Amino acid sequence: MKIEKIETFAVPPRWLFCRIQTDQGIVGWGEPVVEGRAEVVRAAVDVLAEYLIGEDPLRIEHHWQVLTRGGFYRGGPILSSAVAGLDQALWDIAGQHYNAPVHALLGGPVRDRVRVYSWVGGDEPDQVADAVAAQVAAGMTAVKMNASGRMSPLPTAGEVAAIVARLAAVREVLGPDRDVALDFHGRATAAAARRILPELAPLHPLFVEEPVLPEHAHLLHDIVTCSPVPIATGERLYNRTDFVEPLRAGVAVVQPDLSHAGGISEVRRIAAAAETHGALLAPHCPLGPIALAASLQIACATPNFLIQEHSIGIHYNAGADLLDYVADPEPLRILHGHIRAPQGPGLGVTIDEAAVRRADRAGHAWRNPVWRHDDGSFAEW
Ligand SMILES: [Mg+2]
């Protein structure tokens, strides 16, 4: 079998898909994207495709090595995301070739269903109790929300009180047997995180995500030790080496993104590194159906998996949503807060190619907002 053709599709709301065609009729799909930089990743995929054309798609690990190391310069979000999408598509092809779900090729399923969480509250959460109640009514067992909107570098007593009050309101709706995770989005300084986390501890969040920016990984150890709240990070880390410092700092949860951190091949290694450090895996995935399908395969093959993010109904999905691009929504159906272990060959989803080609003609130019503090200076989003 040889790779014949590689195409990319920029589809709303903000995604990029790739399609790898083989000379034996098997087609694999991947999702190589950095949100807000889709056209840059698209160019990277085009360059990497030069190498893949004519190659045997079943030599996934060999191609991963060449694609990540063969260009001399390596790592970072653009290249790692381009490789991630191509890697997903190669695993999709391998699964179809061997007529097995990808998780079967990774050693077989270690669970029957995958726990997922939903987002509430958008970029600047305010009144979230009703949104949480709706998720509970829909059967969800866990939600996640941003801790706050724009945050002062050293938040006022009022800002901190608002974060705690919002979490308390959500805990009230959820009760003791469901979970809420809180995403700081790197908006806090380390000093602010040390001040806020002890106040959150009595409300028992599942984890607090990105309490500091990824470039401040060297400060994570202090944050881990300042409070019993489990710390999560990793959506802006791109390979197993990037996770060394957070894991040594003692984070409880790592959150590699299947479309940013080198795909299935690398995330399974990140999961093993986390297992070595007693940490759990909760892949980041505010993306499309292929990234979610790849995440589910990893969830089924990973003993130290905790929970999976999904984007159905997320605030970013304006104009198009995750299920718009699959021929059959059943493999991604959420029941009682879980998705059943994938059964179909490859990634286990059938992409609606006509819908994808149609959507690509419209394309998108999604950019994240740029926030400012009251004095006009840049604020983390
Ligand atoms: Mg996040």
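Helices here are DSSP runs of H or I with at least four residues, numbered from the N terminus. All views show a predicted model.

**View 1. The end of helix α6.** Helix α6 covers residues 157–174. G175 follows α6. The phi of G175 is positive, near 75°. With 18 residues at 1.5 Å a residue, α6 should span 26 Å.

View 2. I163, R166, L167, V170 and L174 are the buried residues of α6. They sit on the same side of the helix, because they cover an arc of only 90° around the axis. An α-helix has 3.6 residues a turn, so residues three or four places apart point the same way. The other side of α6 carries exposed residues: A157, G158, A161, A165, A168 and E172. The buried residues of α6 pack against α5 (129–137), β6 (179–183) and α7 (190–200).

**View 3. The contact between domain 1 and domain 2.** Domain 1 gives 32 residues to the contact and domain 2 gives 26. On the domain 1 side, β2 (15–22), β3 (27–30), α2 (60–69) and α3 (77–97) each supply two or more residues. The largest share, 11 residues, is from α3. This side of domain 1 has 19 nonpolar, nine polar and four charged residues.

**View 4. The largest nonpolar core.** This core holds 115 residues. F17, L86, L182, V208, I231, V251 and V253 have the most contacts inside it. Domain 1 and domain 2 each contribute at least three residues to this core. In soluble globular proteins, nonpolar side chains tend to be buried together.

**View 5. The surroundings of F17.** F17 is among the residues with the most contacts inside the largest nonpolar core. Leaving out residues up to four places away in sequence, F17 touches T8, F9, V11, W29, E31, G288, I290 and V356.

**View 6. A buried glycine in a loop.** G234 lies in the loop between β8 (231–233) and α9 (244–249). G234 is buried, because 30 other C-beta atoms lie within 10 Å and 20 or more count as buried. G234 touches F243, P246, V254, Q255, P256 and H284, again leaving out residues up to four places away in sequence. G234 and V253 are 19 residues apart in sequence, yet their C-alpha atoms are 8.5 Å apart in space.

Note on methods. Residues numbered from 1 in each chain as written. Predicted model: local features only at pLDDT ≥ 70, side-chain atom pairs only at ≥ 80, totals over all residues. Contact = placed C-beta atoms within 7 Å. Nonpolar A, V, L, I, M, F, W, Y, C, P; charged D, E, K, R; others polar. Core = buried A, V, L, I, M, F, W, Y, C linked by C-beta atoms within 7 Å. Buried ≥ 20, exposed ≤ 12 C-beta atoms within 10 Å, placed from the backbone. Domains from an automatic or database assignment. Expected span 1.5 Å × (residues − 1). Arc of directions from axis to C-beta.
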